[in-house]
Amino acid sequence: MPDFRIAVLPGDGIGPDVTNEGLKTLRAVETVLPELRFHCDELSVGAGEFLRSGNPLPPETMERMKDYDAILLGAMGLPGVRWPDGKEMTPQIDIREVLDLYCGVRPIRTYHPDDSPLKRGANIDFVLIRENTEGLFYGRHGSADLDADDAKDTMRVTRHASVRLFHSAFKMARDRRKKVTLVDKANVLPSMAYFRTIFQQIAKEYPDVETEACYVDAAALFLVRRPQDFDVMVTENMFGDILSDLAAGLVGGMGMAPSGDLGDKYAVFQPSHGTAPDIAGKGIANPVAMILSTAMMLDWLPGEAAKEGGRRLHRAVESVLADPSARTPDVGGTMKTHEMGDRIAAAVLA
Ligand code: ATP
């Protein structure tokens with residue numbers, strides 16, 4: 001019987017609310033597939049943990065995470081809770097780096113055309129893959145003298161990280177519509193020309209997959225003009241950070257955008273959104289991104305039973321969202337967080 005150990009990190013703000021709904025749907029999957037068992041342990045990480053212990057990601061908690069088959073994360077951070085130098089606390093980024101979760105997978109899909117602000121927003125279905133361990137985010141390890149005359153950040157691109165990232169993108173495309181779009185700024189930045197050269201080298205190993213490359217500014221335009229043309233889009237860390245929010249906006253906003261941060265050994269699944277302090281505690285956060293992230297975890301776990309669980313949970317979300325009135329307020333509806341979770345869990349059990 002496949003037994004999986006799951007570390008659950010609800011975090012701050014709306015994190016615990018949406019995590020509850022993700023777990024509710026996981027229990028529903030367990031009910032319909034009794035051969036699957038999930039042992040979930042809650043771990044405290046985030047701004048709340050900082051206020052308790054002085055560290056948003058205590059080293060022993062970080063170490064414990066390595067004992068689990070997968071990690072489910074809500075959202076982390078609270079307004080006003082910052083390091084003494086004013087920098088935001090970002091334990092979710094630290095976790096990516098410590099566990100070497102190099103491949104940030106962000107599926108973007110319209111479940112109903114009404115959710116998109118685009119006139120022609122139906123049938124958007126692509127995956128944005130974001131490099132997670134270096135790129136322009138590498139600059140976060142530096143510091144700036146706020147009284148100096150200039151400040152610099154370094155964009156780091158390594159062959160090692162790029163090669164494994166591109167292999168992940170091409171393998172994913174083989175299971176989809178067989179097209180990979182590289183997004184870079186190779187016309188301006190030497191690191192991006194290097195990134196593109198490696199992409200072209202790896203592409204030769206996948207002759208069955210169509211490729212194209214576009215600059216990040218053009219990608220922003222094409223995402224709005226013709227998002228249906230994309231299948232798998234791969235890019236560096238900061239470009240991926242920005243474009244994934246734009247992409248989420250195309251299909252109903254942050255509450256509809258799941259993500260998985262994958263490494264070779266570990267993986268963290270979390271909604272693409274943050275802690276949404278403006279709606280925390282109101283019971284109206286959209287749990288769909290968290291529930292879809294839970295489904296992605298099932299897809300990723302080994303064995304046919306978990307994959308069947310993932311298919312069932314994806315189908316349940318599809319069937320609920322086919323009704324455009326089944327929506328939380330961020331997507332124009334009136335449902336509460338728990339009502340949406342109940343509805344999707346019921347669809348799993350149906
Ligand atoms: P971070 O810097 O951690 O990404 P942020 O405050 O910039 O945090 P979010 O927390 O993602 O960004 O919130 C951006 C906007 O989207 C807010 O108006 C928030 O209320 C809304 N939002 C985010 N997630 C959800 C959700 N699950 N349901 C409803 N609205 C959401």
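Guide: The account below takes the pockets in turn, then the cavities, and ends with the aromatic rings.

This is a predicted model, in which local features need pLDDT of at least 70 and side-chain atom pairs count only at pLDDT 80 or more, while totals for chains, interfaces and linings use all residues. Residues are numbered from 1 along each chain as its sequence is written, and side-chain values use heavy atoms, with hydrogens and water left out.

The largest pocket holds about 1200 Å³ of space. A pocket here is an open set of points on a 1 Å grid over the protein atoms alone, with protein on both sides within 12 Å along at least five of seven lines; a cavity is a set of points where a 1.4 Å probe fits but cannot get out, and lining residues have an atom within 4 Å of a point. Grid points are joined across faces, edges and corners, and a volume is the space filled by probe spheres set on the points. The lining of the largest pocket comprises 48 residues, and Glu-88, Met-89, Thr-90, Gln-92 and Ile-93 are the closest to its centre. At least two lining residues come from each of helix 4 (91-98), helix 8 (237-250) and strand 10 (267-271); helices (H or I, at least four residues) and strands (E, at least two) are DSSP runs, numbered from the N terminus. Helix 4 gives the most, with five residues. By class, this lining has 20 nonpolar, 15 polar and 13 charged residues, where Ala, Val, Leu, Ile, Met, Phe, Trp, Tyr, Cys and Pro count as nonpolar, Asp, Glu, Lys and Arg as charged, and the others, Gly among them, as polar. Because domain 1 (1-102 + 263-350) and domain 2 (103-140 + 155-256) both give residues to the lining, the largest pocket lies between them; the domain bounds come from an automatic or database domain assignment.

The second largest pocket has a volume of about 810 Å³. Its lining has 25 residues, with Val-105, Pro-107, Met-172, Met-296 and Asp-299 nearest its centre. Two or more of the lining residues come from each of strand 4 (103-109), strand 5 (125-131), helix 5 (159-174), strand 9 (258-262), helix 9 (288-300) and helix 10 (304-321). Strand 4 gives the most, with five residues. The classes are 15 nonpolar, three polar and seven charged residues. Domain 1 and domain 2 both give residues to this lining, so the second largest pocket lies between them.

The largest cavity has a volume of about 40 Å³, and its lining consists of Pro-107, Ile-108, Arg-109, Tyr-111, Val-251, Met-256, Pro-258 and Leu-292. Strand 4 gives the most to this lining, with three residues; by class there are seven nonpolar, no polar and one charged residues. The second largest cavity holds about 30 Å³ and is lined by Met-65, Tyr-68, Asp-69, Ala-70, Ile-71, Lys-265, Tyr-266 and Ala-267.

Tyr-68 also takes part in a ring contact: Arg-5 lies over its face, at 4.4 Å from the ring centre. A charge sits over a ring if NZ of Lys or CZ of Arg is within 6 Å of the ring centre and within 35 degrees of the ring normal. The charged end of Arg-226 likewise sits over the ring of Phe-222, 4.1 Å from its centre.

The model has eight aromatic pairs, a pair being two rings of Phe, Tyr or Trp (its six-membered ring) with centres within 6.5 Å; planes under 30 degrees apart count as stacked, over 60 as edge-to-face and the rest as tilted. Phe-50 and Trp-83 are edge-to-face, at 5.6 Å centre to centre and 75° between the planes. Phe-50 lies in helix 2 (residues 47-53) and Trp-83 in the loop between strand 3 (70-75) and helix 4, so this pair ties together parts that are 33 residues apart in sequence. Phe-50 is buried, with a relative accessible area of 19%, whereas Trp-83 is partly exposed at 34%; buried means under 20%, exposed over 50% and partly exposed in between (1.4 Å probe, protein chains only). The rings of Phe-170 and Tyr-206 have centres 4.8 Å apart and planes at 10°, so that pair is stacked. Both residues, Phe-170 and Tyr-206, are buried. Ring pairs link Phe-166, Phe-170, Phe-195, Phe-199 and Tyr-206 into a cluster.
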